[in-house]
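Please open the structure in your viewer and keep the selection tool at hand. The tour below goes from one selection to the next and says what is found at each stop.

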Amino acid sequence: MNVERSRRYPDEPAGPFPTPPATHTDAEGRDLAIERVATDGAVHDSLTRMYDRFNPADRAQGIPPTGEAQIRDWLDPLIDTGVNVAVRPLEPTASATAGQTTPDASTPDAATDADRNDDADADATSADTGSIEYVGHAVLVPDTDESGALDDPGRYEWELAIFVLQEYQGAGVGTALLEHLLGEATAVGIEHVWLTVERWNSPAISLYESTGFESVGTERFDIEMSIQLDPA
């Protein structure tokens with residue numbers, strides 16, 4: 001399908017990428033479940049609690065917002081119209097719920113292949129969703145205000161955002177989350193994904209490049225990157 005794009009994309013598609021659900025053991029030995037995010041209220045509540053844990057002083061460009069009502073308003077269109085993948089501990093730990101944490105809105109942490117354990121499927125439906133405590137969330141949002149973008153996902157360009165709680169950064173969680181989001185995107189038929197990252201954030205840029213993103217433009221503070229996927 002020939003659709004005019006507002007951004008440049010690599011000529012060759014990247015991948016393949018793993019698809020959720022899956023389990024992942026991070027570099028700290030924590031067993032995690034990576035799963036698609038449903039649109040039910042319990043999952044929405046869990047994501048709201050996660051974002052409410054971010055320290056307001058460390059949010060990137062005001063995102064995510066502060067306050068439960070504002071977080072819910074921000075999450076509504078992401079969950080309703082986007083492609084969402086999240087990560088949670090398989091077993092709750094004290095560190096997963098204690099204290100304030102800081103966000104990583106555009107910098108999933110780097111990891112080596114040895115950090116990844118994507119072979120086993122996670123039992124994403126066995127837990128009580130009301131008790132889930134997510135520690136990371138990645139989302140693709142279409143560049144349209146129209147509903148039903150997933151009915152014809154190849155027509156649109158999709159913006160990526162990823163958030164990982166601070167205590168789970170630096171352990172390969174962001175890498176696994178990003179790869180599974182791209183795998184889910186490929187599975188549903190998305191072809192073009194883009195993002196922006198602060199130009200001084202070398203670890204994030206290296207990670208994005210390692211998964212197939214290429215720089216396609218620069219602003220004063222940000223670099224725009226994009227990736228082409230090969231839908232199944």
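A residue is called buried when its relative accessible area is under 20%, exposed when it is over 50%, and partly exposed in between, computed with a 1.4 Å probe on protein chains only. The model is a predicted one, in which local features need pLDDT of at least 70 and side-chain atom pairs count only at pLDDT 80 or more, while totals for chains, interfaces and linings use all residues. Residues are numbered from 1 along each chain as its sequence is written, and side-chain values use heavy atoms, with hydrogens and water left out.

**Salt bridges**

A search of the whole structure finds nine salt bridges, each being a side-chain nitrogen of Lys or Arg within 4 Å of a carboxyl oxygen of Asp or Glu.

Select R53 and E167, whose side chains form a salt bridge with an N to O distance of 3.3 Å. This pair links distant parts of the chain, 114 residues apart, with R53 in the loop between α1 (41-52) and α2 (68-81) and E167 in the loop between β5 and α4 (173-188); helices (H or I, at least four residues) and strands (E, at least two) are DSSP runs numbered from the N terminus. R53 counts as buried at 11% relative accessibility, whereas E167, at 22%, is partly exposed.

Next, select E157 and R7, which form a salt bridge with their closest N and O atoms 3.7 Å apart. E157 belongs to strand β5 (residues 157-164) and R7 to the segment before β1 (22-25), so the pair ties together parts that are 150 residues apart in sequence. E157 is buried, with a relative accessible area of 3%, while R7 is partly exposed at 21%.

Then move to helix α2, where E68 and R72 lie four residues apart, about one turn of the helix. Their closest N and O atoms are 3.1 Å apart in a salt bridge, and both residues are partly exposed, E68 at 47% and R72 at 24%.

**The nonpolar core**

Which residues of the largest nonpolar core touch the most other members? They are L140, L160, V193, Y208 and F213, out of 53 residues in that core, where a nonpolar core is a set of buried Ala, Val, Leu, Ile, Met, Phe, Trp, Tyr and Cys residues joined through side-chain atoms within 4.5 Å. Helix α4 gives the most to this core, with seven residues.

Finally, select F213 and display its contacts (heavy atoms within 4.5 Å). Leaving aside neighbours within four places in sequence, F213 is in contact with L160, L182, V193, L195, Y208, M225, S226 and I227.
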